[in-house]
Amino acid sequence: MIRGTLALIVALALAGPAMAHRVNVFASVQDGKAGEEVVVEAKFSTGRIPALGEVRVEDAGGAVLATYPLEDGAARFPLDRESAAGGLSITVRTDDDHEGYWLLTPADLDPGS
Amino acid sequence: MKRALVALALLAGPAVAQDRPVIVADSYPMAYFAERLAGDAAEVRLAVPAGRDPSSWRPGLADIVAIQAADLIVLNGAGLSDWTSRAALPRARTVETGRGLEDELIATDTITHSHGEEGSHSHEGVATHTWLDLALAARQAETLAAAIARAVPDAPVDAALAALLADLATLDETGDALVTGTPVPVLASHPRYEYLGHAYGFDIAALDWTAGVAPDAGQIAELEARMMDTGARLLIWEVDPPAETREAIAALGLAQAVVPSLAMPPVTGDFLSGFREGVAELDAALASLD
C-alpha cells in the first residue's frame, strides 16, 4: 500500500458545504435575575467573536418565536417554557454573513439533566 | 451481510421503548460496521434520512431528541457531520471512531473569499471520507468494537470484529494491487477521494460537479485545463454520469471509473461490495490506459 508522507490535498472547491460560513453557536439555560434565560454564545472557528448579528429562535415546528440582536458574540432572552416545550432551534447570522445554529432539546432545557 | 438500515426519521418512539439496544450512526460506513459488530444484539439506525448527505444534513429537533435517546451514538469524526457540533450529545454514549486518527487526517486547502468586515479569509478543514482508506476504516472499526462491547454486552463483538477486519484486509489488498510505483494522476468529479488516493496510489485533483448533472461548457473547459495541468487521463465519478456526458468525456481521451463514496448506502449491495465495485472500475479504467 502506498502511504507516503501526508500531502496537502488541494481541492478546487470547498471540502463540503458545511465548511462554508461557519460560526460556532452554543446555547444553554441559566438562571438570570428575572428568571430563567437562554444564553446564546457565538464564535468563529478562528476564535474571533462576531461583533453584531441576529439570533432567530424557532420552536420545534419551525415557527419563528422571536429574533434578538447579537452583540459581542452573545445574546440572552427569557425562557418561555410553554413555547419551548418541544425544544428550540437557535440560528445565528452574523453581520458579515456567516451562519450557525444550535439545537436545544427539551432535555437540554432542564438544568442538571 | 446486508440488512436494511432504518432511517431515524421513521422512529416511532424513543430508543428506550425498543427491545434491543439502539445504535445510531451518523454515516453509512459507521452504520455498516456497527451492524457487523453488534449483529442481532442491537438495532442499528442511520441518523441521516435516505438520500441525504451526512455532511450537509441539518437535523430537526425531533431528530436530535431521538439521537440523544440512543444507547450508542457512532460518529465518523474528521468533521464529516457538521450537525454533531450543533447539539449536545451524551458524551458517555457517543463514540467518535476517527479519534486517534488525527495524525492521518488529510488537510484540505479550501476556498478563500471576501465579504463583510472580515475581509478576505478562507475556510480550512480536513478531508472527511476516512473509510475510503481501508486501513483507517479498520482502525475505526476497532474503536467502534470497543464501544459496542461496553454498550451492548450481549453482542459477539470479538468474533465479529475479526471477521470484519479480515474482509477489510482482503479488499485492502485489491486496492493495493491497483497501482505500483509512482502515483497515477487522476481527476475526480467531487472532493471525496483524498484518502482513497493516498492509500492506493492516486494523485487526485478534485472538481466539484453536481452529482448526476451533465457538466456545462465552462466545467468541460476547466476539466481540459486540469488535464493539461495534472497529466490526468482518468476521471473518477461519484455516481454514474448521463450517457451523453460519459461520451463527451471519453472524447477528451479520459478513461472513466464510477467509485461510490459510500457516505450514503449504495442502491444495491453494501459497503464491501460497493468498495469492491469501485476498485474493479478503477482497475478496468487503468487497464484501458495501457
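These exercises walk through a predicted model, each with a worked solution.

In this predicted model, local features need pLDDT of at least 70, side-chain atom pairs count only at pLDDT 80 or more, and totals for chains, interfaces and linings use all residues. Residues are numbered from 1 along each chain as its sequence is written, while chains are lettered from A and ligands numbered from 1 in the order in which they are written.

**Exercise 1. Confidence**

Step 1. pLDDT is the predictor's confidence in each residue, from 0 to 100.

Step 2. Strands (E, at least two residues) and helices (H or I, at least four) are DSSP runs, numbered from the N terminus. Residues 1-20 of chain A have pLDDT below 50.

Step 3. Where pLDDT is low, the predicted coordinates should not be read in detail. For the complex, the predictor gives an ipTM of 0.76 and a pTM of 0.86.

**Exercise 2. A sheet in chain B**

Work out which strands stand at the edges of the open sheet of chain B.

Step 1. The sheet has 4 strands in the order S11-S10-S12-S13, with parallel pairing. Two strands pair if DSSP finds at least two bridges between them.

Step 2. Strands S11 (202-206) and S13 (255-258) of chain B each have a single partner strand, so one side of each is left without a neighbour in the sheet. These two are the edges.

Step 3. From one strand to the next, the twist averages 30 degrees. Angles run from 0 to 180 degrees between N-to-C directions, and axes are lines fitted to C-alpha atoms, for helices over the stretch in contact.

Step 4. Now look at one pair: S12 (residues 234-237) and S13 of chain B are joined in the parallel sense over 4 bridges. B:Trp237 stands opposite B:Val258 in S13(B).

Step 5. Helix H8 (residues 271-289) of chain B packs on the sheet and touches S12 and S13 of chain B, its direction making about 175 degrees with that of S13(B). Contact here requires C-beta atoms, placed from the backbone, to lie within 7 Å.

**Exercise 3. Helix pairs**

Describe how H4(B) packs with H3(B) and with H1(B).

Step 1. The axes of H3 (residues 134-151) and H4 (residues 157-176) of chain B come within 9 Å and cross at roughly 175 degrees. H3(B) is therefore roughly antiparallel to H4(B). The classes are roughly parallel under 35 degrees, roughly antiparallel over 145, roughly perpendicular from 65 to 115, and oblique for the rest.

Step 2. H1(B) and H4(B) have axes 7 Å apart and an angle of about 130 degrees. They are therefore oblique to each other.

Step 3. In this second contact, B:Phe33, B:Arg36 and B:Leu37 of H1(B) meet B:Val157, B:Ala160, B:Leu161 and B:Leu164 of H4(B).

Methods. Two residues are in contact if their C-beta atoms, placed from the backbone, lie within 7 Å.
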